[in-house]
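I opened this model to take notes on its pocket, its charge pairs and one of its helices. My entries follow in the order I looked things up.

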Amino acid sequence: MFGALCRGGLPVAEICFRTGCAEKAIKLAAKKYPAMLVGAGTVINKEQCVRAIEAGAKFIVSPGFSEEAAKACRERGTPYFPGAVTPTEILEALALGFTYLKFFPAGCFGGLKTIQALSAAFPHVRFMPTGGVNLDNMGKYLACPAVFACGGSWMMKGTAEEIEQKTRAAVAAAKGE
């Protein structure tokens, strides 16, 4: 499936650390697709963070904020994108120097309207919405100056050919085509 992402023009993948095979999948993807930016998602603690980085993850994404994971990433020079959806969570992330944050689950927390409202109070923060992002709304998210990226598993359903097609469509939408 990683080949389908690459052929579709998106050489980036986040492997969620929700299953027992995540570490092996990261290791395999990093080895088989060295030009691809492979990261770990749904990382909730230091132990998972260290395992993911040692397996080859080039970035770490969390659904919330883990100070231990943040420290482990800093020690290893690995980018960390903690999740934050409330002003208090954003303030906690800012206090530790994080300005690029995951906004999850975007669809449940008001989506683009909430991101726009939060960006008025936090104009220097950039968000990566996930959870409820799809081809129909991705372009609107990416048009918002407060959004630096979008994530979603919707592209990863189907055959390799279908994944490649969905990826091409997502890349075109991201470019405004």
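**Entry 1: the pocket**

I sorted the lining of the largest pocket by residue type and got 28 nonpolar, seven polar and four charged. My classes put Ala, Val, Leu, Ile, Met, Phe, Trp, Tyr, Cys and Pro under nonpolar, Asp, Glu, Lys and Arg under charged, and the others, Gly among them, under polar.

Before going on, I noted the terms of the model. It is a predicted model, where local features need pLDDT of at least 70 and side-chain atom pairs count only at pLDDT 80 or more, while totals for chains, interfaces and linings use all residues. Residues are numbered from 1 along each chain as its sequence is written, and side-chain values use heavy atoms, with hydrogens and water left out.

I then took the volume of the largest pocket, about 1,200 Å³. Of its 39 lining residues, Glu-14, Cys-150, Gly-151, Gly-152 and Ser-153 are the closest to the centre. Two or more lining residues come from each of α1 (2-7), β1 (12-16), α7 and α8 (160-174). The largest share, five residues, belongs to β1.

I wrote down the definitions here. A pocket is an open set of points on a 1 Å grid over the protein atoms alone, where a 1.4 Å probe fits, with protein on both sides within 12 Å along at least five of seven lines; lining residues have an atom within 4 Å of a point. Grid points are joined across faces, edges and corners, and the volume is the space filled by probe spheres set on the points. Helices (H or I, at least four residues) and strands (E, at least two) are DSSP runs, numbered from the N terminus.

**Entry 2: salt bridges**

How many salt bridges does the structure hold? I found five. My criterion was a side-chain nitrogen of Lys or Arg within 4 Å of a carboxyl oxygen of Asp or Glu.

I looked up Arg-51 and Glu-23: they form a salt bridge, with the closest N and O atoms 2.7 Å apart. Arg-51 is in helix α3 (residues 46-55) and Glu-23 in helix α2 (residues 22-32), so the pair ties together parts 28 residues apart in sequence. Arg-51 is partly exposed at 28% relative accessible area. Glu-23 is partly exposed too, at 27%. For these labels, buried means under 20% relative accessible area, exposed over 50% and partly exposed in between (1.4 Å probe, protein chains only).

Glu-75 and Arg-76 meet in another salt bridge, at 3.5 Å from N to O. Glu-75 is exposed at 51%. Arg-76 is partly exposed at 36%.

Next I checked Glu-164 and Arg-168, a salt bridge with its closest N and O atoms 2.8 Å apart. They are four residues apart in helix α8, so about one helical turn separates them. Glu-164 is buried at 17%, whereas Arg-168 is partly exposed at 45%. Salt bridges with shared partners join Arg-7, Glu-164 and Arg-168 into one network.

**Entry 3: helix α2**

Which side of α2 is buried? I listed Ala-22, Ile-26 and Ala-29 as buried. They span an arc of only 70 degrees around the axis, so they sit on the same side of α2. I took the arc from the directions between the helix axis and the C-beta atoms. The face turned away from the buried side carries the exposed Lys-24, Lys-27, Leu-28, Lys-31 and Lys-32. Cover for the buried residues includes α1, β1, β2 (37-41) and α3.

I then picked out Ala-29, which is buried at 1% relative accessibility. Beyond its neighbours within four places in sequence, Ala-29 is in contact (heavy atoms within 4.5 Å) with Phe-2, Ile-15 and Val-38.

**Entry 4: backbone and loops**

I found a cis peptide bond from Phe-104 to Pro-105, with omega near -15 degrees. Pro-105 is in the loop between β5 (100-103) and α6 (111-121).

Thr-42 has phi near 55 degrees, a positive value in a residue other than glycine. Thr-42 is in the loop between β2 and α3 and is buried at 17%.

Last, I looked up Thr-130, in the loop between β6 (126-129) and α7 (135-143). Thr-130 is buried at 8%. Neighbours within four places aside, its contacts are Lys-102, Phe-103, Phe-104, Pro-105, Ala-106 and Gly-151.
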